[in-house]
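Welcome! Here is a short tour of a protein model, from its surface to its core. Have a look at the sequence and the structure first.

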Amino acid sequence: MPHDIENHSHSLLPSEPELKVKAIESALVNQGLIDPAALDEIIDTYQNKIGPKNGASIIAKAWIDQDFKDELMSNTMAVLEKYGFYGRQGEHIRVVENTPEVHNIVVCTLCSCYPWPLLGIPPTWYKSDEYRSRVVREPRKCLSEFGVKLPENTNIRVWDSTAEIRYLVLPMLPDAFKGFSEQELVGIVSRDAMIGTGLIGPAK
Ligand code: FE
């Protein structure tokens with residue numbers, strides 16, 4: 001299956017636009033026009049706060065509304081389109097549900113295909129050669145390095161994304177969060193939990 005042509009991370013040198021952005025950033029920082037910490041904060045916002053919130057809102061709704069979940073699982077694109085979470089890098093998304101028997105984890109072994117409208121920009125590690133090769137060969141070990149320890153009898157299913165199909169993991173909701181409001185639940189869904197490299201943390 002073909003992967004994103006414009007989104008490859010195989011090359012050793014950054015693409016020309018990346019080099020230009022780096023050059024502009026360096027010039028602005030050197031002249032004291034921007035604060036690198038503020039820049040990091042902006043990038044972090046897009047990577048970790050805004051983007052994954054879309055996916056988190058879908059996950060939270062699926063947890064509390066069985067009809068919505070059924071529709072999401074069986075008619076994914078229609079549901080996502082209704083919420084406006086579609087378009088570039090999100091044309092065909094499949095939701096895979098974690099259960100006590102199966103833990104799902106997503107990778108793109110060839111490049112970095114990722115459901116942008118739901119999760120924002122892929123993290124650097126998702127695009128790394130190491131993650132892309134190791135998660136397929138030794139998923140359990142890889143997961144443990146992300147701090148995810150699964151029971152031995154939980155099977156791990158690795159989904160290889162392509163430009164044609166991308167995946168969103170529907171994490172399990174721990175019992176401690178049962179009874180929480182939809183809004184509260186949105187706040188506990190991490191980006192990594194929707195990639196499969198994280199779990200939903202304990203209630204605080
Ligand atoms: Fe890809």
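## A patch on the surface

A nonpolar patch, as meant here, joins side chains of Val, Leu, Ile, Met, Phe, Trp or Tyr that lie within 5 Å, taken from residues with over 30% relative accessible area and no salt bridge. The model you are looking at is a predicted one.

Which residues form a nonpolar patch on the surface? They are I24, L28 and L33, and together they have about 280 Å² of accessible area. L33 sits in the loop between α1 (16-30) and α2 (36-64). With a relative accessible area of 58%, L33 is exposed, because exposed means over 50%.

## The overall picture

Stepping back, the protein contains ten helices and four strands. Read from the N terminus, the order of its elements is α-α-α-α-β-β-α-α-α-α-β-β-α-α.

The protein has 204 residues, and 39% of them count as buried. As for contacts between residues at least 6 apart in sequence, 72% join residues at least 24 apart.

## Helix α7 and its cover

Let us move on to helix α7, which spans residues 129-137 and has Y131, R132, R134 and V135 as buried residues. A bit of helix geometry is handy here: an α-helix has 3.6 residues a turn, so residues three or four places apart point the same way.

What covers the buried residues of α7? The cover includes the strands β2 (102-107) and β3 (155-160), along with the helices α6 (124-127), α8 (139-145) and α10 (191-195).

## Aromatic rings

The protein has ten aromatic pairs. In one of them, the ring centres of W125 and Y126 are 6.3 Å apart and the planes stand at 70 degrees, so this pair is edge-to-face; the cut-off for that class is over 60 degrees.

The cut-off for buried is under 20%. Ring pairs also tie W125 and Y126 into a cluster with Y114, Y131 and F146.

## Cysteines

How many disulfides does the structure hold? The count is zero. Two cysteines to look up in the model are C111 and C113: C111 is buried at a relative accessible area of 0%, and C113 is buried at 0% as well.

Key: Residues numbered from 1 in each chain as written. Predicted model: local features only at pLDDT ≥ 70, side-chain atom pairs only at ≥ 80, totals over all residues. Heavy atoms only, no water. Buried < 20%, exposed > 50% of the residue type's maximum accessible area, 1.4 Å probe, protein only. Helix = DSSP H or I, 4+ residues; strand = E, 2+ residues; numbered from the N terminus. Contact = heavy atoms within 4.5 Å. Disulfide = S-S within 2.5 Å. Patch = residues over 30% accessible without salt bridge, like charges linked within 9 Å, V, L, I, M, F, W, Y side chains within 5 Å. Areas by Shrake-Rupley, 256 points an atom, 1.4 Å probe, with all protein chains shown as cover. Salt bridge = Lys/Arg side-chain N within 4 Å of Asp/Glu carboxyl O. Phe/Tyr/Trp six-rings, centres within 6.5 Å; stacked < 30°, edge-to-face > 60°.
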